[in-house]
Structure formats: C-alpha cells, structure tokens
Amino acid sequence: MANDQDIEKYFEFAKNLTLEAGQTIKNVDDTDKIIKSKSIGKDLVTNFDHQIEEFLINALSKEFPDHKFIAEEATGLSELPELTDSPTWLIDPIDGTVNFIHNFSQYCISVGLTICKEVVLGIIYNPVSCELYTAKKGQGAFLNEKPIRVSKITELKKSLLAFEVGSLRVQKNRDIAWARFFALFDSCQTIRNVGSATLSMAYVAKGVIDCFQMDGLQPWDVAAGMIIVTEAGGTLIDSKGGPYNLMKPNIIVASTAQLACEVTKLIVDTDLKTQRKRLQRT
C-alpha cells in the first residue's frame with residue numbers, strides 16, 4: 001500500500017495533467033469536433049475524448065510506469081480488465097460527451113486512482129466553469145481548494161434528485177427505468193438531469209443535489225466521484241441496498257444514509273410492482 005507521501009505525489013501530478021487537459025477542450029470550435037457513434041446510434045464519442053485520454057495515459061504511464069489503467073475509450077466495447085491491487089487509474093476523458101458536442105457546459109474530465117482495489121484519490125474538472133473537485137482518502141473533499149460538504153437532507157420529500165434520463169432510452173428494462181423515474185419524481189421535490197453522472201456525484205458532494213441514482217454505469221464514471229462524495233460526508237450504496245461494486249456500479253449517491261435507505265426501499269418496491277405487471281401481461 002502506498003504511503004501518504006506517494007499518494008500526494010500521484011495526486012499533484014494527476015491534478016496538473018487534468019487541468020492542462022481541460023484547456024484543450026475549453027472553448028473548442030465546433031469545426032474541430034469529429035463525432036462518431038459507439039455501440040448505439042446515440043452513444044457518441046469525439047476526437048477530443050480520444051485525445052485527452054491518450055494524453056493522460058501517456059503522461060501518467062511515463063511518470064509511473066508500474067501503474068495500470070482502466071479508461072473509457074481504451075476499453076471500448078471489450079470486456080472490462082480485472083481490477084488488481086496494483087495502482088490503477090480510472091479515466092473518463094469527457095463525461096457528458098453529448099453536452100460537450102452541443103456546447104452545453106455540464107461536462108468534465110474524471111480521474112480516479114485505486115490502490116489495493118480501494119479508491120485513494122479523485123479529481124473532477126469542469127473546464128467551462130473552472131470547477132475542480134478533489135479528494136484524497138481521509139483528507140476531506142474540496143472544490144477549488146475550499147472544503148465542501150453534502151447537504152443534511154434526510155427525507156426524500158424534501159430532496160432534489162439527479163436522474164440521468166439516458167437510461168430511459170435502453171430497451172432492456174425500459175419499463176423498470178420509467179417506473180423508477182416516476183416513483184422518484186412523485187416522491188421528491190423535483191428531479192434534474194445533469195447529463196453527466198460524474199458531475200451529478202460532484203454536485204451531491206458540494207450539497208446542491210441531495211441524491212443521484214443510476215444503474216448500468218462503468219467504473220470510470222464513478223471512481224473519482226465516489227471518493228469525493230464520501231470524503232464530503234455522503235453515502236454510497238448499491239441501488240438495491242448493501243455495498244456498491246466499483247466494477248459494476250448500480251448506485252445511490254446520497255447526502256445521508258437515511259435518504260439513501262428511503263430511495264433504496266422505493267426502488268425495490270417499484271421494481272417488484274413492475275415485474276408483477278410483466279407477469280400479468282404474459
């Protein structure tokens with residue numbers, strides 16, 4: 001296990017790289033963006049996703065040659081690599097690519113590091129707003145070097161939720177996703193769609209959103225956000241309750257354990273009702 005001095009060295013180097021990478025996508029001209037589809041027609045990637053990921057991996061691997069990487073574009077549609085005890089960087093070069101394509105300011109670069117399968121640092125940078133969210137294990141969470149804390153909301157009826165509507169597009173289990181959305185919408189004050197799972201987690205960490213729920217994410221979507229939220233005093237659990245799995249993240253990210261438990265119960269009950277309706281139709 002790396003000591004605090006090692007983690008500080010990793011953090012400073014990665015933070016400076018992330019800030020540098022952010023400058024390459026700030027105020028990019030639309031004519032410079034090359035847009036392609038990935039697995040499905042509306043799952044998009046740009047040349048800047050690849051460019052930033054390659055920049056980060058090349059620089060980190062040169063500085064720390066024994067480190068490993070799990071990154072969105074390098075992994076592509078292939079099977080996820082195994083997460084080992086080795087220091088491993090989890091990188092999402094642009095989370096919120098569709099927002100980036102449309103010059104909608106809610107997108108970011110996300111960099112997390114695991115050692116012995118535990119996230120030890122996280123960096124999230126929105127180059128448009130110049131918001132830099134950071135955390136190191138046991139040292140708190142920060143926005144532009146100022147401490148941040150989650151909200152104190154414990155009741156769903158008083159909460160502001162983030163829910164990524166992209167999950168409603170997926171044909172498999174679409175009925176479950178819609179049922180969850182309406183159940184949550186009816187139970188909270190209202191719902192916001194940020195368009196970036198990573199930024200949704202950052203907003204929970206700084207206390208402007210009380211809860212974020214999404215299934216079917218990837219480790220690079222959540223690694224940095226997980227440690228930033230927990231270091232800000234928040235709670236992360238699996239959508240159905242219990243510990244979350246970094247490599248198969250179906251998550252509830254909440255300001256308080258009470259709120260997370262209430263959302264979990266609503267999801268479990270709603271899913272059960274939806275499954276019963278399926279059986280009635282057959």
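This is a predicted model: local features need pLDDT of at least 70, side-chain atom pairs count only at pLDDT 80 or more; totals for chains, interfaces and linings use all residues.
Residues are numbered from 1 along each chain as its sequence is written, and side-chain values use heavy atoms, with hydrogens and water left out. Local features need pLDDT of at least 70 and side-chain atom pairs count only at pLDDT 80 or more, whereas totals for chains, interfaces and linings use all residues.

The second largest pocket holds about 150 Å³ of space. A pocket is here an open set of points on a 1 Å grid over the protein atoms alone, where a 1.4 Å probe fits, with protein on both sides within 12 Å along at least five of seven lines; lining residues have an atom within 4 Å of a point. The volume is the space filled by probe spheres set on the points. Among the lining residues are Lys-117, Glu-118, Lys-137, Met-226, Glu-231 and Tyr-244. Four residues come from α7, which gives the most to this lining; β6 (118-126) and α7 (219-231) each supply at least two. Helices (H or I, at least four residues) and strands (E, at least two) are DSSP runs, numbered from the N terminus. Domain 1 (4-147) and domain 2 (156-281) each contribute at least three lining residues, the bounds coming from an automatic or database domain assignment.

Helix α1 (residues 4-25) packs with helix α2 (residues 47-63) at an angle of about 155°, their axes lying 10 Å apart. Axes are lines fitted to C-alpha atoms, for helices over the stretch in contact, and angles run from 0 to 180 degrees between N-to-C directions. α1 and α2 are therefore roughly antiparallel to each other, a term for angles over 145 degrees.

For helix α5 (residues 174-187) and helix α8 (residues 257-281), the packing angle is about 135° and the axes are 9 Å apart. That makes α5 oblique to α8, oblique being the class left after roughly parallel (under 35 degrees), roughly perpendicular (65 to 115) and roughly antiparallel.
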